Each structure stands twice: as structure tokens, then as C-alpha cells.
Amino acid sequence: MNKSFLMKAAWKVIKGKDWAQKILRIRYLDGFGNAKPNIAAFSIWIGLKQEVPDLVRDSYFYIGTGDLAFSASFVERYPDIVHDILILPIGLDNDVRFLKHSLKGEVSTALAFHEHCHNFPKVSWGSWIWERYVPIRRSITCWRILHHRLLTLDNLIRRGLIMPSYCYICRQDSESIDHIFWTCDGVREIYTTFLIWLNVEYLLDCVDIHSFFVCAWNMNFSSQITSYWKAGIMTLVWKICQDRNKVVFENASFHGLSVLKFIKVYFKEMGENFTKLGHVSSAWQDYVITRNIGVRSRAASPPDMVNVYWWPPSGDWIKVNTDCSALGASGPIAAGGVYRDNWSHVRGCFHVKDGQGFMFEAELLAVITSVSIAHSRGWLKLWVEADSSYVVKLLVTKSEDVPWRFIALWKRTILLLSEFQL
Ligand SMILES: [Zn+2]
């Protein structure tokens, strides 16, 4: 928590406008925002100083009128950079520093806390392992494996018990979570068969059980196959754990075949007891997988046919229809658009992509690009059709409340809009 508040305070020192922040900045930071070395520091600065390098490294400038960012010495030392900047479209405001991880470009306490807290799981397993069609005991076993909380012999020894570590399944190696759930010769054949059923035997190359789970989490099956994939994996590890306990405490023997049979029986029960397990796609692989695991495939119902009307623009107006895509939230974003006249003739089209972002950023990109192209072509009577009510509201209100990386383009778009009939 302390570090989060320090990070927020350091950000204020780097770009704040209060007199106290300005004094600290002049005394302790050089013209580039880096901490000056060998300055006699007082106690508060020692804490702030730790946060400055990361913030400076992770921030960008919005280039405005150039009165804040660049000193005379910078211009003298880097004339080429200054030249490159001078030929860029320049904003109307002062230069502003933005933090690149942040949507608004500013450091909030929540963002600072997230940056410093490393205890958040990298993968949100909760949404993956708790499913209504998986008995809760199996999900709990998975949870304990993923967090290394299962009482295998190596964990017991680490907690102070004095005993030999010995795998009861293969009787060759010492016992650990990775060993009994992934690398043990006795369980490899179970995984091999199971992964062949699902046509993903390449996952056998995963180095340990945790990376296998990460790959499993990232698999992109159709919804019905995903249900059986999750249930299968959780049943598999739970059954291995159960059978291993029977070997240890009841002197039973371990058979990989019985684990596989158990999984197939459970798949059958799942199909009988749960109705909403999703659908398969029309790809032949899905039908092969459902046949391998012995369940009936459910095809999705055909989509409804809907009439769609497209109204041409009137007179000498040009209409642009835009569409966008974002692969995940956030993920790679792209946008495209088609310009047509009142004869419905295509006058031009565009597509553009712009790194990682959210869906509404893709919509924003579509509008910015379509206005910019229309302006360059002299199509000043423009009808823009976009999907996002957020972007339409921004256009109507001419608000500047947009993510920082679009602010320069957006301000330019608003300027151009004054020449348009929209
Ligand atoms: Zn073993």
C-alpha cells in the first residue's frame, strides 16, 4: 500500500503544477525527468526516488506547444529529434506526460497498487475451475494443485515431517505435485490417451502440470467440447489423486486404464444430467472428438435470418459505414469502413489496425480515420454510421474524454469536424 501511495506521489512530482511539486521537480529531477544523482536528499525524497525511474521509462509525451517538455539544452543536443517533432501535427495545448499503461494516462492509487502487488494470480483460475457440471471436490483438488497446497510427500517434508519421499505410483522417483500429476511414467499414458481423444496430444510437451493447466485454459474449443475438456481434466487429476491415496492407505494397486474408464463414465453421466453444455461447431474435428469421448454432439441451431436495410445518402452526401474488431479485452484492434454515394456506388474503403486496445478504442479509431480520409477527399457532407453509442456521444458533445493515446488525433478530428456537415 505504501509503495502505491509513493508511486502516485512520485507521479505528481514528475508532472504536477503545485508550487511544492515544482520545487521538488527542479531540485531533484533533470530536464528529462530522471532523478539527479548525488543530491543531498531529505527523507520523503528517498521513498519517492525509488518510483521515479519506472514512471519515466513507462511514460510518453503528448506533444503540444513545446513549452514544458523540452529545454534549450535538449534542442541543442538533439536537433534531429526536434526536427522530427516539428514536422508532426502539433496539438494546441501544453506538452503533457502520460503513463502508457493507464487508459487516461494518469496514475491512480488502484493502478499503482496493481503494479506493486505481485500476489494476484496470473490466470484467473476461479472462472475456469468452478463449473456446475464438475463436482466441487474435483474443482477443489485442482485448486490445491494449482496453488501447491496438496499434501504430497515433498510438501509434508517441507512442513517438518521426517520421512522418505517416494512415488507410490511408479515406485521409482520421489513424490511431488509435478511428478504424480505430470511426469510420472504411471500417469503419462493416461494423459497421452486423454489428449489423443481431444486431438491435442502436442500438449504432452508441457514441462510441468502448471504450464499444462495454462495451456488448457487457453484452448479454444467450441462450447460443448470446452465443457468436456474442463470436466475431463478435473476428473482426471482428481481420480489420479484418489487412486494414489488408495495405494498409500489401502494398499490397492494403480491402473491407468481405470482412470480413463472413470472419465468416460463421467462424460456419459454429464450428457444425461446436464442440458446446457454448449454446442459443437461444424468442423469435422469436433465430431471426431465427440465420437472419441463417447458423447453425442449437439449442433447449434441455425441463425435467424434478419432483414437489413441500408439507406443511401441523399444528394451530394457521402455515407461511411464503419465496423471494428477487438480480439479480447484488451487485444489487437482494427477498424474498417466503406464510403458510398447516393447511387450506392462505392467511393472508397479503408482498414486500419492499431496495436492493443478495447472495443470502444477500435470504434474511436474508425471514426477518426473515416473523418480524416473524408476531409482529405473533400467529402464534407458526411454521414457516419458507427456501432458505438459512446463514440456517437463523443462526436455530438465534442468531448475530449478519450484514452490518452488518441487525444492528439481526436482533438484534430474535432477541429476538422467544424468544416463538415455531419
Ligand atoms: Zn511416479
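**Notebook: helix contacts and nonpolar cores**

I began with α13 and α14, whose axes come within 9 Å and cross at roughly 140°. Axes here are lines fitted to C-alpha atoms, for helices over the stretch in contact, and angles run from 0 to 180 degrees between N-to-C directions. The angle makes α13 oblique to α14, given that angles under 35 degrees count as roughly parallel, over 145 as roughly antiparallel, 65 to 115 as roughly perpendicular and the rest as oblique. I noted that helices (H or I, at least four residues) and strands (E, at least two) are DSSP runs, numbered from the N terminus.

Before going further I wrote down that this is a predicted model, in which local features need pLDDT of at least 70 and side-chain atom pairs count only at pLDDT 80 or more, while totals for chains, interfaces and linings use all residues. Residues are numbered from 1 along each chain as its sequence is written.

I then looked up which residues join the two helices: Y228, A231, G232, T235, L236, K239, I240 and D243 in α13 meet V259, F262, I263, Y266, F267 and M270 in α14, where contact requires C-beta atoms, placed from the backbone, to lie within 7 Å. By class, the residues of this contact divide into 10 nonpolar, 2 polar and 2 charged; Ala, Val, Leu, Ile, Met, Phe, Trp, Tyr, Cys and Pro count as nonpolar, Asp, Glu, Lys and Arg as charged, and the others, Gly among them, as polar.

On α14 I also checked V265, which is exposed because it has 12 other C-beta atoms within 10 Å. The scale for this calls a residue buried if 20 or more other C-beta atoms lie within 10 Å of its own, exposed if 12 or fewer, and partly exposed in between. The C-alpha atoms of V265 and G294 are separated by 9.1 Å, although the two are 29 residues apart along the chain.

Next I turned to the cores, a nonpolar core being a set of buried Ala, Val, Leu, Ile, Met, Phe, Trp, Tyr and Cys residues joined through C-beta atoms within 7 Å. The largest one has 40 residues, of which I180, F181, V187, M234, L236, V237 and I240 touch the most other members. The elements giving two or more residues to this core are α8 (136-146), α10 (177-183), α11 (185-197), α12 (209-218), α13 (223-250) and α14 (256-273), and its largest share, 10 residues, comes from α13. Apart from it lies another core, of 22 residues, among them A362, A366, I368 and W410.

The contact is made by I368, V371, S372 and H375 of α16 and L409, W410, T413, L416 and L417 of α18, and by class it has 6 nonpolar, 3 polar and no charged residues.

Last, I compared helix α1 (residues 2-15) and helix α2 (residues 19-28), which pack at about 80° with their axes 7 Å apart and are therefore roughly perpendicular to each other. Here K12, V13 and I14 in α1 meet Q21, L24 and R25 in α2, a contact of 3 nonpolar, 1 polar and 2 charged residues.
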